[in-house]
Amino acid sequence: MNPLTEQEIRAAFVNCTKGEAKRLSVPRDLAERPWDDLDFLGWRDPQAPDRAYLATELDGRLVALALRCPSATSWQTLRSMCSLCMTTHTGGVSLMVAAKAGKAGQQGNSVGAYICSDLACPLYVRGKKDAGVGARLHESLTLEEKIQRTVANLAVFIAKIGLRGG
Ligand SMILES: [Zn+2]
């Protein structure tokens, strides 16, 4: 994906208030991120372990999501599969909950998904990050197909959240 700036990321949040988007923690090393290998940029808030964020481009539009990991500890010993990139980790997958965009979110509606705790799915898919023995299923898919599947899974997740203003 194309490199993003802090301003672009903050402006792209669809499921939190403008004030939250302004205050939340955006990585300081954006310039050094491996953008060529990313389908989305995901990060955890170092000050708030139950918060995670994700930014991606969907149909030419930048979309950023605020996520919560309500049960960060209870999943740490379980072996589970990321619903985006299909990587299996022991303790490396968290339930992440996103408030829905707009009115539905204000009314408390949310969508959950099991996602790699470090949100490094694009790097696991490409084999640039190792999730340990047995992390990947034996699949006949090509790398390109796996990448497309991850992007498609993310698009489904984002569609469930609903986009404000279009
Ligand atoms: Zn993943």
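Predicted model: local features only at pLDDT ≥ 70, side-chain atom pairs only at ≥ 80, totals over all residues.
Trainee: Which residues coordinate the zinc ion?

Mentor: The zinc ion is held by the SG atoms of C82, C85, C116 and C121, at 2.2 to 2.3 Å. Along the chain these donors follow the spacing C-x2-C-x30-C-x4-C.

Trainee: And where do C85 and C121 sit in the chain?

Mentor: C85 is in the loop between β4 (79-81) and β5 (88-90), while C121 is in helix α4 (residues 121-125). They are 36 residues apart, so the pair links distant parts of the chain.

Trainee: Are C85 and C121 buried or exposed?

Mentor: Both C85 and C121 are buried.

Trainee: What geometry does the zinc site have?

Mentor: The site is tetrahedral, with angles of 103 to 115 degrees among the 4 donor atoms. For four tetrahedral donors the ideal angle is 109.5 degrees.

Trainee: New topic. How many aromatic pairs are there?

Mentor: The structure has 2 aromatic pairs. In one of them, the ring centres of F13 and Y53 are 5.8 Å apart.

Trainee: Why is the F13 and Y53 pair called edge-to-face?

Mentor: Because the ring planes of F13 and Y53 stand at 90 degrees, and the label applies over 60. F13 is in the loop between α1 (6-11) and α2 (18-23), and Y53 is in strand β2 (residues 48-58), 40 residues away.

Trainee: What about W43 and Y53?

Mentor: W43 and Y53 form a tilted pair, 5.6 Å from centre to centre with 40 degrees between the planes. W43 lies in strand β1 (residues 40-45) and Y53 in strand β2, so this pair ties together parts 10 residues apart in sequence. F13, W43 and Y53 make up one aromatic cluster.

Trainee: Is Y53 buried or exposed?

Mentor: Y53 is buried, because its relative accessible area is 3% and buried means under 20%. W43 is buried as well, at 4%.

Trainee: Now salt bridges. How many are there?

Mentor: The count is 8 salt bridges. One of them joins R126 and D39, at 2.8 Å from N to O. R126 is in the loop between α4 and α5 (143-161) and D39 in the loop between α2 and β1, 87 residues apart.

Trainee: Which residues are in the network with R126 and D39?

Mentor: D37 and K128 are linked with D39 and R126 in a network of salt bridges.

Trainee: Where are D50 and R68?

Mentor: D50 is in strand β2 and R68 in strand β3 (residues 61-68), 18 residues apart. Their salt bridge has its closest N and O atoms 3.7 Å apart. D50 is partly exposed at 31% relative accessible area, and R68 is partly exposed at 40%.

Key
Residues numbered from 1 in each chain as written. Heavy atoms only, no water. Donors = N, O, S within 2.8 Å, 3.2 Å for Na, K, Ca; no water. Tetrahedral: all angles 85-135°; square planar, octahedral: opposite > 155°, others 65-115°. Helix = DSSP H or I, 4+ residues; strand = E, 2+ residues; numbered from the N terminus. Buried < 20%, exposed > 50% of the residue type's maximum accessible area, 1.4 Å probe, protein only. Phe/Tyr/Trp six-rings, centres within 6.5 Å; stacked < 30°, edge-to-face > 60°. Salt bridge = Lys/Arg side-chain N within 4 Å of Asp/Glu carboxyl O.
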